[in-house]
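Please open the model in your viewer and keep the selection panel handy. We will go from one selection to the next.

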Amino acid sequence: MDSEICDFLAGDELIEVIPNFTSGSIQLIGGDMGPFEAGLPVEVPLWIGINLRKRMKCVLKVPNWLLIDCLKDLITLENESNSLLQLPSLHFFEIAHIVVRDFKEDLQDGDQVKTLIQDLWDKREAKIRSSTLKFLKQSTYKSAQMDNIQQIEITQMRGPLIAATRNTERLLQNKHSTQN
Amino acid sequence: MTSSRQFSVESDYMSLDAILAAGSTVPMQLNENAPPGIFPLIGHAAPPSIGPRGIRVDIPLWLASSVKDGHYGMAMYPTGYNIKYQNVLQANADTMSLDQLHHYYYTFGQSLCRIISLDLASPLSKSLLSTWIQRCGIFFSRSLQGQTRIDGATKEELAVFMIGVKTKEDFDRWLRAEKRQGSNKRKLAPYNR
């Protein structure tokens, strides 16, 4: 599991686009999409939205939570909260990342959106890192719970965390074997 | 009919790190029952006889376990694992350059616990765990903060650090919306037994 796979999984999330063409439903394995009417918003999976955008067939209707004011509010709430905030989407960062990368022309201020997303990511990453360090600094508890963590954040922490805890487990087993 | 002989081995039997660590020496007090054939193996001339007080030699860890199993001697703490170092590490393991004590400090320490007596192994095993717990968070944290180089880390700590560095690079690249260098084709993961 890496960032690309997380992006891929986020491709199934629905977004609203405004097509510039009219067409009947598109039949796909996962279900029918459309019908498409020029100028009318329609919900499609993100991967279809990217495909249509690249072919200049639609414009993205930016989700409310990706507007600058909403992002600033999220950052403020994240600052005020000791724990992780529940974000508006399960694939918040992946969708934001894809929108900034592939739908930049449809954003009002793409650079500022990117900066705000980065800011939010940094704040959450700092919280996750400090919680993980507290968990690593003990050997009594074998599990921990963290609410509202995103899949992409878990993916980031997984590799080094597993490497560290595996060694902790080996040393713990070594300690127990010498206590008997 | 042929009979299969099975041997139980430690979980790190196939570990390359454990094999490399086992090349380091351990001080052993050989008793008078120790066979003279041990000495050429460790590059010493065999003494004419071993008195009742025994003789102290440094033996590679891989040989020391056989010597211990044959009741030919007792292993002792090597430098870096004795009570003095255990106390120092207990007090503050963060600042020690553990790599200078042993590059495979934890792996060698675990193997050592299996061949020394229980009254020596017990405090050593606690010290190893306590040292790791104090230090592993530092390497974990530094790698995710963007540090790409670290000094004084043992092999085990470096492993955690480098995984963190690679992960950080991957996610920084992702956040900057940069494309990966090279082919986008995904390679099939090698078959792991």
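How many residue pairs in polar contact are there between domain 1 of chain B and domain 2 of chain B, counting pairs with both at pLDDT 80 or more? Three, where a polar contact is a pair of N or O atoms within 3.5 Å; within protein, one must be able to donate a hydrogen and the other to accept it, and residues adjacent in sequence count only if both atoms are side-chain atoms.

A word on conventions: this is a predicted model, in which local features need pLDDT of at least 70 and side-chain atom pairs count only at pLDDT 80 or more, while totals for chains, interfaces and linings use all residues. Residues are numbered from 1 along each chain as its sequence is written, chains are lettered from A in the order in which they are written, and side-chain values use heavy atoms, without hydrogens and water.

**Stop 1: the two domains of chain B**

Select 13-76 as domain 1 and 79-183 as domain 2 of chain B; the bounds come from an automatic or database domain assignment. Their centres, taken over C-alpha atoms, are separated by 29 Å. Here 13 residues of domain 1 are in contact with 11 residues of domain 2 (heavy atoms within 4.5 Å).

Now show B:D17 and B:K155: their side chains meet in a salt bridge, 3.2 Å from N to O (a side-chain nitrogen of Lys or Arg within 4 Å of a carboxyl oxygen of Asp or Glu). The count between these two domains is one salt bridge.

Together with B:D17, they supply 41% of the area that domain 1 buries against domain 2, more than any other three residues. The total buried there is about 1000 Å², with 71% from carbon and sulfur atoms (accessible area, 1.4 Å probe, that two parts lose on being put together, summed over both).

**Stop 2: where chain B meets chain A**

Select the 32 residues of chain B that are in contact with 39 residues of chain A. The two chains bury about 3300 Å² between them, 65% of it on carbon and sulfur atoms. Highlight B:F140, B:W174 and B:L175, which supply 23% of the area that chain B buries against chain A, more than any other three residues.

Which polar features join the chains? There are seven residue pairs in polar contact (both at pLDDT 80 or more), and zero salt bridges.
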